[in-house]
Every structure is written in C-alpha cells, then in structure tokens.
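Welcome! Take a look at the structure first, then read on.

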Amino acid sequence: MRFLLDDEQREFARSLDALLTAADTPAVVRGWAAGDHGPGLTLWRRLADAGVFALAVPEAYGGVGPLPVETAVAFVELGRHGVPGPLVESVAAGVLLGGVGGPAAKEWLPRIASGTTVVSLALEGYGPYALDADVADAVLTVTGDELRLTRGAGGATGPGAATGPGVPTGPGVPTGPGAASGPGAASGPGAASGPGVPTGPGGSTGRPAPTGPGAPTVSVDPARRLFRPEPGGEVVAAGPGVREAARAAGTWATFATAAQALGCGEALLRATVAYVKQRTQFGVPVGSFQAVKHRLADTLLGLEFARPLLYGAAVELADGAPGAGAAVAAAKVAAGEAGYAAARTALQLHGAVGYTEELDLAWWLRRARPLRDAWGTPSACRARVLAG
Amino acid sequence: MDLAQTAETEALRTEAREWLRAHVPARPLPSLETAEGFAAHREWEAELYGGGWSALSWPEEYGGRGADLFGWLAFEEEYWAAGAPGRVSQNGISLLAPTLFHHGTAEQRARVLEPMARGEVIWAQAWSEPEAGSDLAALRSRAVRTEGGWLLSGQKTWSSRAAFADRAFGIFRTDPGAAELHQGLTYLMFGLRDPGVTVRPIGRLDGKPAFAEIFLDEVFVPDEDVIGEPGRGWRIAMSATGDERGLTLRSPGRFLAAADRLTELWREAGDPADTALRDRVADAVIGARAYRLFTAASASRFAAGAVLGAESSLNKVFWSGYDIALHETALDLLGPDAEAADGPWAEGYVFALAGPVYAGTNEIQRDIIAERLLGLPKGRR
C-alpha cells in the first residue's frame, strides 16, 4: 500500500497552482459573473494545455483518461482558486460520450480534451440545471435512455465569443477589487451583481444568449449561471448503454464536485487563518484566542478527513471497483460538508467584513454551499452510501 | 497511489481471521471494568499470546511477529469484525512498550515485555494528578534519590484500569529546582501492590471502577525501573503521545466493525421514513471509511519515512467525537430500549463519553492543531 500522491501527481498540483495563481482568478470570476467570459475562456484553454480536460476522455478520443487521481488533484486546485465555468460538466460529458461512443463521441471528445470546446450537462436525478449553458458549444441532456445534444453559440470560437448582445464588454465592466459594489449593485450578501447580471428572483431579467438557452436562474454564487436545458435537441444516442454511461458520468460529476468543494474549503480556511493572525483585538491577534483556534482546528479536521475519502474514491474509480459509486458519495458528503463548514467558519471569524463583498473571499463563501449540493445533495449521497 | 496490500499482509489477515473464528468466545466476556471481567480478559490476553497475536508488531524475540503498521491495521480489522473482547493490556502494549523500544534498556525489554504480552502483568498509566491534568507539566508527585533507586511520594489520579492492574508507569518530579516545569521529571515504573501504594478505585458514570486514584508514600523504585535518563521524563512521555502511537491508540478496525453493527441495527430497527436518522447512520459509515483512509495515508507516510507529529491530534479529535456520535445514533435507533444499562450499546456509549477527555483533552489537541498545523500564535490556555 502506498496511499500517497506520487511525485508526478504532486508536481501536477504545483504546476496548476502556479498557473492559477498567476491567472488572477478573482478577476476572472468577477468577469464571469458579470457576463464577460473572455478571461475565463482564455484560462480554460490554458487549463486544457495543462491537460485538465483530457483526464476523463479515453485515449481513443484524444484524451489520457480515465485518470481519477489526477482528476481529483486538478479539481482540488480548481476549487481552491475558485475557477468558474462548467468544469465538472465538461469532464463528466467526457465520461458520458466516452461511454456512449459513436459519432457524437468522435465529434466532441477530441475538442473537449483539447479545450477548444466548452460543454455543459444535465442528467436526470441530479437537478434540472445545466451550468453556464450560455457559454457552452453543446448542452448534453440525458432523460431515460436518451442522450440529446443542443448546439449553442458557445465560446469555442475564441475568447470573447460568448459575449452576446446585452453583455457589457466596454468601460463600466467591473474588473477591480470591490467591483461588485459598482453602480446598481445590490448591497446584501449573495447579491454581488455588476451591471448586466440578472438580479431578479428567478432570473427573469437575465440577458438573452444568441441561440437561447433561456434565462438563467440566479445562483447564490453569481459566477454560477443556471439554465434549464431547452426541450428538444438532437438525439445522438439511445438505449441501455446511455443509461449506463449516464450513471458513470454522474458518478464522475459527483467526484469532481467533491474535489472542488474540498479545494474551496481549503482556500477559505487558508484565508481565514491568515486573517486571524493579522487582525488584532485586545492587543493580541484574534487567532491566539482558544475559541477561534478550536473552530479553525475543527475546520481543518473536516477537510483533512474528507481528503482521504476523495482519494480513496479515486483509487476505487481507477480500479473499477463495484463500491466506487458509494465511495464517491461518501467523499462528496464529507467534502461538501467540510467545505461549507469552512465557509461558515470563514464568515464568523472574519467578523463583519466577511459579511460583505469587500473581500475576494466572498466568491468562495458563496460557492461552498452550491458545491455541497450540486451533483448529489448530502442526503442523496448518504442514501447512496447505505445502498452499497 | 494505491490501497493494495502486500501478499504478506493479506496472508496475515487470512491467518488472523481463521484463528479468531476458532478462538473468539461465543458469548461476550463480562465488562472488563469489573473484577470478574478483568480476570476473564486477562485470560483472553494469554490465549491471544498463545496464537502470537497479542503484540504482533513487536519483534519475534519478544513474542511478536514483526508485523508492520499495515499488518497491524489488517489484524485490527479482523479482530473487531470478529467481535473479539476489548484489550485489557492496551495501555501497556500501545503506550509503555513503544517507550521501552525507544528509550528502555535491553534488560528492561527482556524483563517487562513478555509478561505484558501474556497478560500476566497488566499496566496502568499514572500521569494525571489532581492539580495537573491538561497542564501535565504542573505535576507535583516526586521521586527522591535513595540508595539504589528512588522513593515516590504524592498522588496520581484518573488512572485507567488501575483498580485491577498490577503495575503502573508515570512521570515524577526528581529535580524540584529545575528552571522549567517540564524539566527535572523522570519516567519510571512501579508496582501497584508495592509497600506504600494505596489504590482507591473511582466509579465512572455507570458506577464501574474503570479508573483509580493512586496514593504513594515513599514507594521504593529500583534504578532498573527508571526508563531513560533521570530528568528526561517529559521528552520521553511526549514521544509516547505522538508519532506512530497516535495511530495505534484506536484502530480504524474498531470503528469499521461498530459502523457495521450500527448499519445492521438500522436495517433491523430503523424507520425508512426517518431520513434524518438514516443520514446519521450513513455518517457513521462514512466516518469509519474516512478514518480508515486517513490512517492508511498516515501509515503510508510513516512507511515512507515521515515523522507523524501533530497530525495525531487530528486523529484523536476525530475518533473521539466520532465514537460518541455513532453510539448516540445507536441509542436513538433503540428508542425506549436504549435506557437499559445492560443494553448492547450501553457500555460502549459510556466508554465513548470519556474519549474527548482522556489521552489529552480535545481542547489541548485543538490547540496543538491550531498552533502546529495552522501556525496560529500561542495564547494563554
């Protein structure tokens, strides 16, 4: 037994960390939320060049997958840096199309692997939304044993291509720190709305995208844009094989989301530890108070016991073990809850400033809860664990 | 990254499973916190020793099998899955023995280890004092130099198993003039029935004498029972609280077996409509899996040469909280039957309640986590 990342895997994590640190992801996220997808799509290509989107695509289709351990490594980093976009969906779509095979796989998988296309996905049993469908070149949906594909305007033709009419691209687009408090922004938490971002309940004021994935539902995380897939679309595969491929894709989506949640929690903990060391009250750093320390220690505990579950699930996925689905579900419960607990801790220990949009922290704070619930709620995952 | 066991570990597991199937008592032994149960558990230790299982990680010359951590973890999984009795010799085997391997003499190892592994000598830990709990370095019991040894005086307390045990190990102040509280302490062993020793059993919440106070009045300890150099007791004692011993205090096998029992109980007695309770059962299953994998990662790091320090504090806070939550879930599943003091989960529940307090309170563990793992500034405790 050697239940540790090897040197190459650790180096992969380090190189992604360096790439993402240099990419100024908070600015990318702000842009993404405001409808300016250009920087996000540029980052998407760079992640593809680093190999991220090839990890779940079979070799026969231009990928290097499936490599679950490396996928976990990558998605922890993506979560830690708060990268926006249908990352999980694109990886799961790779698993789905790889399982189905045929012309759709031939057409889309090499492009997914190379990062020249962005794909979103909705699977029966996992909630009704396709994340960021307005940016996607294709939205895949599985209902019963039917796989449908809706082509979109997407971002495949280059950075900036996804910006449809009504999307602010010129001066006035928030780009700097504190941008979310620009003119017209609501002032409460969870309403970090720059100009042009849908603000109404239910998203009724959302901007129309060129080929119309419809109006997005507003997420508590403004950088997550939720679309109900349009009915229709082209049936690209049908039969029991689709059902099976969808099951595998769902498991991978749960798995990658768990990794993202863990990374998100890590970032929240790290930021909070740094804050309580420098924030002084009563003449001492607030981080020297036992109540503060213990809350942070418990946050670390949650994350450090989610991590082995994540990598244990990765090993089971790699082995094709029959218990892999339950192992992934266990990892998702633990990572989702630990990431959310980290958000609660971060909010509490930052005090009032944590409850604002003044800090980049707000992006991670608002993402932890959706990651906990996306691609398998805690309750659904717990049921999966007991189902074996 | 892999979780595959070597053929050697798997062979050990199979051998253990077969041996346990043939030897584990069909009916549970009486509680080991009673005189009758203590004696029965002592006999069980002898039987384990006969099979070569009581201390399998020790070298063969001391009656072990030279098993590595992975072998030990596999054995523990089989042991608890088989429903085998609690280990009355645990304090000796998991706390004193590693100290002897690291700091003792060959003579001490030859004299102490085998009777420990046979269950002939059961050891208790004598560390805490009325005024020195979490602040262990404040301890006052002293050892005064005399011809050929030391004279112990003072009071120790919360000593698990001391009501029925034979000998104890602990730290004592040998240099009251030392500049720092944790200097001038010496680690030594003494007999609980030696002249000058008075043991007063203390009933725990369910009334069983699970621990005791130990009063010492000029108890003679020969030099041969001092472990390591006199005056170096603090460092030796602290080395017994971290490192691989952090892994061996509570094995994952114990909780995997408990989670299996809980799942069985839920399938028998659980209301399928009660998803809140179902979620807690799932959390017990997830927690056992997390603990097993966390331990696998730690053991892998240890095997690769890493030093396991403060992460044993993560380990302790996790299992102690986990154990209580698991037992509370079982009690909730039992409903009105949970109240029965002789119920199948009652003893485990009472035992679990002490977890966050003993072996370093969870407050101290969280301070260690915050300061050593997160790098937060030290504060007043």
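**Where the chains meet**

Chain B and chain A bury about 3,800 Å² between them, with 71% of that area on carbon and sulfur atoms. Met1(B), Arg289(B) and Leu374(B) supply 21% of the area that chain B buries against chain A, more than any other three residues. Please keep in mind that this is a predicted model.

**Contacts across the interface**
- On the chain B side 43 residues are in contact with 40 residues of chain A.
- Four salt bridges are counted between chain B and chain A.
- In one salt bridge, Asp298(A) meets Arg366(B), and the closest N and O atoms are 2.5 Å apart.
- There are also 15 residue pairs in polar contact across the interface of chain B and chain A.

**The side of chain B that touches chain A**
- Helices H8, H9, H10 and H12 of chain B each supply at least two residues to this side.
- H9(B) gives the most, with 16 residues.
- By class, this side has 25 nonpolar, six polar and twelve charged residues.

**Aromatic rings**
- Over all chains, the structure holds 27 aromatic pairs.
- Tyr126(A) and Trp375(A) form a tilted pair, 5.2 Å centre to centre with 50° between the planes.
- This pair links distant parts of the chain, 249 residues apart.
- Tyr126(A) is partly exposed, at 30% relative accessible area, whereas Trp375(A) is buried, at 8%.
- Ring pairs also link a cluster that includes Phe305(A), Phe255(B), Tyr291(B) and Trp319(B).

Note on methods: Residues numbered from 1 in each chain as written. Chains lettered and ligands numbered in written order. Predicted model: local features only at pLDDT ≥ 70, side-chain atom pairs only at ≥ 80, totals over all residues. Heavy atoms only, no water. Contact = heavy atoms within 4.5 Å. Buried area = accessible area lost by both parts, 1.4 Å probe. Salt bridge = Lys/Arg side-chain N within 4 Å of Asp/Glu carboxyl O. Polar contact = N/O pair within 3.5 Å; in protein donor to acceptor, adjacent residues only side chain to side chain. Helix = DSSP H or I, 4+ residues; strand = E, 2+ residues; numbered from the N terminus. Nonpolar A, V, L, I, M, F, W, Y, C, P; charged D, E, K, R; others polar. Phe/Tyr/Trp six-rings, centres within 6.5 Å; stacked < 30°, edge-to-face > 60°. Buried < 20%, exposed > 50% of the residue type's maximum accessible area, 1.4 Å probe, protein only.
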